[in-house]
Amino acid sequence: MSIADPIASRPATGDPSIPGEAVLAWEEQAVDAGLVLRHLSGTIGTEITGLDASRPLPDDVRDAVRQVWLARRVVFFPEQHLDPGQHRAFAAEFGEPSRAHPVIPGLDGHPDVLELDYSKSEELAKAYGQIAERRGNAPTWHTDVTFVARPPLGSILNAVSIPPAGGDTLWSDQVAAFRSLSPTLQAFLRTLTAVHDGTDQFSTLLEIVGSGEWEGRPFTLEPSEHPVVRTHPETGEEILFVNPGFTSHIVGLSRPESDHLLAYLYAQATKDEHVVRYKWTEGTLGFWDNRATQHAVVADFTGHRAIHRVTLRGDEPR
Ligand SMILES: [Fe+2]
């Protein structure tokens with residue numbers, strides 16, 4: 001058994017012949033399915049090669065990818081170059097594709113494929129530009145669409161057009177973030193819920209677009225309340241589930257208490273040791289677990305950047 005390019009700092013990519021370097025069960029499963037793993041940080045992010053995403057996946061490959069994805073939160077598949085139909089089909093291997101976004105319409109002929117290309121949508125550029133400006137152009141950390149009752153399970157990105165430099169995406173591991181807190185703070189956070197509200201970002205866009213849809217019903221920007229600590233429905237892990245994109249406040253605290261606590265949690269949530277930074281190449285797919293991560297785009301690019309996204313239906317955070 002061999003695992004290529006063991007660059008990770010944790011023993012996850014260890015050579016089993018070296019004492020003290022354990023190979024984890026999900027890594028062994030991946031290797032047995034013919035996959036090659038390249039871990040990109042200590043806890044989060046792995047590149048996977050050895051599969052063809054344009055064809056239906058054999059069961060052992062699909063199962064192995066899912067295990068790597070659950071363990072590493074975000075996985076990347078370089079050199080796949082899928083068209084929108086193939087992209088949707090690959091996403092459907094891992095869940096039920098939902099409408100691209102509750103407010104932003106999908107591609108013509110592919111309603112499940114969202115095109116993230118600010119050069120094509122003034123409204124999109126304006127909505128995201130406003131958010132970036134308000135935050136002093138710091139990376140806009142968020143978890144996608146947490147302002148609905150059942151936020152997405154995850155999304156699959158397809159890097160269609162990438163500038164020569166800049167426009168990397170950051171993901172942070174919210175399981176690791178929760179584990180890094182003291183047991184006393186963890187216990188307090190387990191008792192709390194928070195309100196998530198998309199009005200700030202999407203009310204103008206909803207007005208311009210006219211109407212939205214989510215889970216087959218007309219979409220309204222009604223805020224949702226979620227636990228501050230959710231339990232991962234597949235792994236049982238506890239996840240810090242607040243994000244600066246959409247969490248407006250913690251229920252039951254005064255506004256200053258809520259603001260200070262959230263600011264502390266966001267600082268913990270995006271510490272370097274919980275984050276992977278990915279430099280895109282055209283044709284690469286990126287698949288993240290939206291239940292257990294936050295992400296942000298680094299707004300340092302000037303050239304054309306177009307990324308397609310297919311989103312998978314999620315469940316109610318508990
Ligand atoms: Fe996002």
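Is Glu-96 buried, partly exposed or exposed? At 46% relative accessibility, Glu-96 comes out as partly exposed (buried is under 20% relative accessible area, exposed over 50%, and partly exposed in between, with a 1.4 Å probe and protein chains only). Before going on, keep in mind that this is a predicted model, where local features need pLDDT of at least 70 and side-chain atom pairs count only at pLDDT 80 or more, while totals for chains, interfaces and linings use all residues. Residues are numbered from 1 along each chain as its sequence is written, and side-chain values use heavy atoms, with hydrogens and water left out.

Let's start with the metal. The iron ion is held by His-142 through NE2, Asp-144 through OD and His-295 through NE2, at 2.1 to 2.2 Å. Donors here are N, O and S atoms within 2.8 Å of the metal (3.2 Å for Na, K and Ca), and since water is not among the atoms, sites may look incomplete. Along the sequence, the donor residues follow the spacing H-x1-D-x150-H.

Now for the charged pairs. The structure holds 21 salt bridges, each one a side-chain nitrogen of Lys or Arg within 4 Å of a carboxyl oxygen of Asp or Glu. One of them pairs Arg-62 with Glu-93, whose closest N and O atoms are 2.8 Å apart. Glu-93 is buried, with a relative accessible area of 18%.

Back to Glu-96, which forms a salt bridge with Arg-313, the closest N and O atoms being 3.3 Å apart. Glu-96 lies in the loop between α3 and β4 and Arg-313 in the segment after β17 (306-312), so this contact ties together parts 217 residues apart in sequence. Arg-313 is partly exposed, at 32% relative accessible area.

Lys-271 and Glu-273 also meet in a salt bridge, at 3.5 Å from N to O. Lys-271 is partly exposed at 30%, and Glu-273 is partly exposed at 47%. Finally, salt bridges with shared partners join Arg-66, Glu-234, Asp-289 and Arg-291 into one network.

Technical notes
Helices (H or I, at least four residues) and strands (E, at least two) are DSSP runs, numbered from the N terminus.
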